Amino acid sequence: MPRLRPRAGAMGAAVLLALAVVLFLQLVAVSPNAQPSHGTEGAFATGLYDREIVPGRGPQRWTTQRGVFRFERLPAGPASLEVRVRGQRTPLSIRANGIAVGVIPEGRFVGRYALPEGPDHGRVVVEIITPGFPGDGGARRGALVDRVRVLIVPPSFPPARTLAAFVIPAAAIAGAALSAGLAPAVASLVAGGVSVAQALALSTDGLLYSPYAVALAWLLVLAALAACFAARGFERVLPGSGTGAFGALLLALVVHGVAATSPVMVSSDVVFHANRLRDAAGGELFPTSVTQHALPFRIPYGVSFYALLVPLAWLGLDRVSLVSAGAGLAGVVAAAAAFGLLARRDVRHATATVVALQLLPGGFTIYSYGNLSNAFGQAVTLLFFCWWSGGAPGGFVVGGLLFAVAGISHLSSLIVLTVLAAALVLAGGAKLRADKARLRGLALGGGLVLAYFSRFAGLVLSQIPRLFEGGGQGRAGSRGPWDALGYQLDGVPAQFGWPAIVFALVGLLVWRRRGRWREGGVERDLTAYLAAVALMAVPAVVSPLEVRYLYALGLPVAALAASGFLELRARGRLLGSMAWLSCAAQFGLAAYVVSDCVLFRYRP
């Protein structure tokens, strides 16, 4: 009984914190507004074409012949509807909860309608119906939506369903944290922190009243259960690792599985990848692409990311959601593999490394850019590294397939993977000759990659002479290597953040003093990882070859930063306090980048 009281208190505190958060959010919530230029229409709507980003105007969305917008859990009282469109060519019939409320004729762009009876049990379903007109590819386009908004009375006490959308995830996270071994106070703080993040995700344009608010709650519950399940599994294999595994993997799930898949995030290239998935589902397995260099290259693009998602695309699932979720899931699996690899030596270092990996700003910015196949490829590259450094679990077939999937996902990933594999072989030295599993895995993976890219031999050979054009070819107006060098240096703090850089430099000194790279094992391999991939800065400066090597350095930099943090924390109260303050600064930077990417970037 005495032990149950702190646990019950922790659950109660988590629930009370969630209630306080949702009450405050309800107090400041604005009328729900599905507005493509704000990126919020995806949280409310179905029956829309993929989002387009128009230079100078930002994101826009067309409806099909029937676009549906759902507004839920609205406060009681009278409400009104506003529908705005742009460049309308055909009449639009507007319906609310199945009742025709008006028509927007051709040449008119705004319709305002009273909903005198108020929302139907707190729900308004708006339909925009039109015969449409022929668009690209023969599909009929409907309305170019500017906004669909339900104007409501000032907020009242939230309904039970809104309360449940916050209370249930908070209770699930607190309960999972307690089950994983976290202290009651820490479990309450973790649940409270997630509730605050949940509120921030719903803080703009009345997203509290969108269907996504409930979907977000379920995602957080699933994240808590997945982190708890993984923590219990790690605890069985590595006693004492469950608590660290829960905290690190819950953060990875929130970052990669929840924030990175938000329908509110306006992502530059996500539709490009959705179209690649469509092509792969139609049998196009050897795609090419044109780079964004000032003088573009045509390159082989790789297909493994899309090929793995093709069965789900055949089921009719939304392709944009599939590519976003696929890249995010790969990030979560890579984080779990990194924890498992490092925890066998030091659980604290493993926990700090995986947490640091999630807090590197560039690790999330790539989702905003929409470089999803690259994110997937680097995640699988990390899995291959964990297989190699972890003793080749599963044998050479597993390693070979990981190498092949990573190499065939994206050309940048292939180049990084090739350099990394060479470094790992050199670091292994004479002992590697007797390691048949690793060598066979490398041979199998390399053979599969070579067989795939042999299809593009002529294309690759035709582009090789252009590598002597000099640095800076990736940006119009560049003046050569010095500009390219400045660009590379500017990218370091943007990718990692200054607190992580300082921690990593301290960690590098610690590893050098202790001779960890000479001890063999994971430290030697991480050092090889860092040195080899960092050398990719040289071709990036003197040639057009840029492979996002800074993004690929996430794991070794995070491992060094974790060592630096732990070293400073153990060096007395003053340095320990400075370490915690720097850690808080890194967390704040990461939170800012995530919120900026999800809520503000690519908006006009």
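These legends accompany close-up views of one predicted model.

**Figure 1. The whole chain, overall dimensions and composition.**
The predicted chain holds 22 helices and 14 strands. Its C-alpha trace spans about 80 × 70 × 45 Å along the principal axes. The radius of gyration is 26 Å; a compact globule of 604 residues would have a value near 25 Å, so the two agree. Buried residues account for 52% of the 604 residues. The accessible surface comes to about 26300 Å², and carbon and sulfur atoms contribute 66% of that surface. Among contacts between residues at least 6 apart in sequence, 75% link residues at least 24 apart.

**Figure 2. Strand 4 and its pairing partners.**
Strand 4 covers residues 58-71. Ten of its 14 residues are buried, which leaves the strand mostly covered. Strand 2 runs antiparallel to strand 4, with three bridges between them. Here Leu48 faces Thr63 of strand 4. Strand 9 (residues 124-129) also runs antiparallel to strand 4, joined by six bridges. Arg70 has Val125 in strand 9 as its bridge partner. Strand 12 (residues 144-151) is joined to strand 4 by two bridges, again antiparallel.

**Figure 3**
Strand 3 takes in residues 52-54 and pairs with strand 4 in the antiparallel sense. Three bridges hold this pairing in the model. Glu52 has Gln60 in strand 4 as its bridge partner. Three residues separate the two strands of the hairpin. In this hairpin, Gly56 adopts a positive phi near 85 degrees.

Strand 8 runs over residues 110-115. Which residues form its covered face? They are Gly111, Tyr113 and Leu115. Val110, Arg112 and Ala114 make up the uncovered face. Strand 5 (residues 79-86) pairs with strand 8 in the antiparallel sense, over six bridges. Across this pairing, Glu82 stands opposite Arg112.

Gln35 sits in the loop between strand 1 (33-34) and strand 2 (45-48). Its relative accessible area is 8%, so Gln35 counts as buried. Beyond four places in sequence, Gln35 touches Thr40, Glu41, Asp146, Arg147 and Asp205. Asp205 belongs to the loop between helix 3 and helix 4 (211-237). A relative accessible area of 12% makes Asp205 buried, because the cut-off is under 20%. Phi of Asp205 is positive, near 50 degrees, although Asp205 is a residue other than glycine.

**Figure 3. Asn97, a loop residue with positive phi.**
Asn97 is placed in the loop between strand 6 (92-96) and strand 7 (99-104). Asn97 is not a glycine, yet its phi is positive at about 55 degrees. Is Asn97 buried, exposed or partly exposed? With a relative accessible area of 32%, it is partly exposed.

**Figure 4. Ser195 in helix 3.**
Helix 3 spans residues 184-201 and includes Ser195. The relative accessible area of Ser195 is 1%, so this residue is buried. What does Ser195 contact, apart from neighbours within four places in sequence? Its partners are Ala18, Val21, Phe166 and Ala170.

**Figure 5. Ile366 in helix 10.**
Ile366 lies in helix 10 (residues 361-369). Its relative accessible area is 4%, so Ile366 is buried. Leaving out residues up to four places away in sequence, Ile366 touches Asn371, Asn374, Ala375 and Tyr551. Tyr551 is 185 residues away from Ile366 in sequence, but their C-alpha atoms are 8.6 Å apart.

Gly394 is located in the loop between helix 11 (372-389) and helix 12 (396-407). Is Gly394 buried or exposed? Its relative accessibility is 66%, so Gly394 counts as exposed. Gly394 and Ala437 are 43 residues apart in sequence. Their C-alpha atoms are 9.2 Å apart in space.

Terms used. Residues are numbered from 1 along each chain as its sequence is written. This is a predicted model: local features need pLDDT of at least 70, side-chain atom pairs count only at pLDDT 80 or more; totals for chains, interfaces and linings use all residues. Side-chain values use heavy atoms; hydrogens and water are left out. Buried means under 20% relative accessible area, exposed over 50%, partly exposed in between (1.4 Å probe, protein chains only). Helices (H or I, at least four residues) and strands (E, at least two) are DSSP runs, numbered from the N terminus. Two strands pair if DSSP finds at least two bridges between them. The radius of gyration is taken over C-alpha atoms; the globule rule is 2.2 Å times the number of residues to the power 0.38. Contact means heavy atoms within 4.5 Å. Accessible areas come from the Shrake-Rupley method with a 1.4 Å probe; for residues, only the protein chains shown count as cover.
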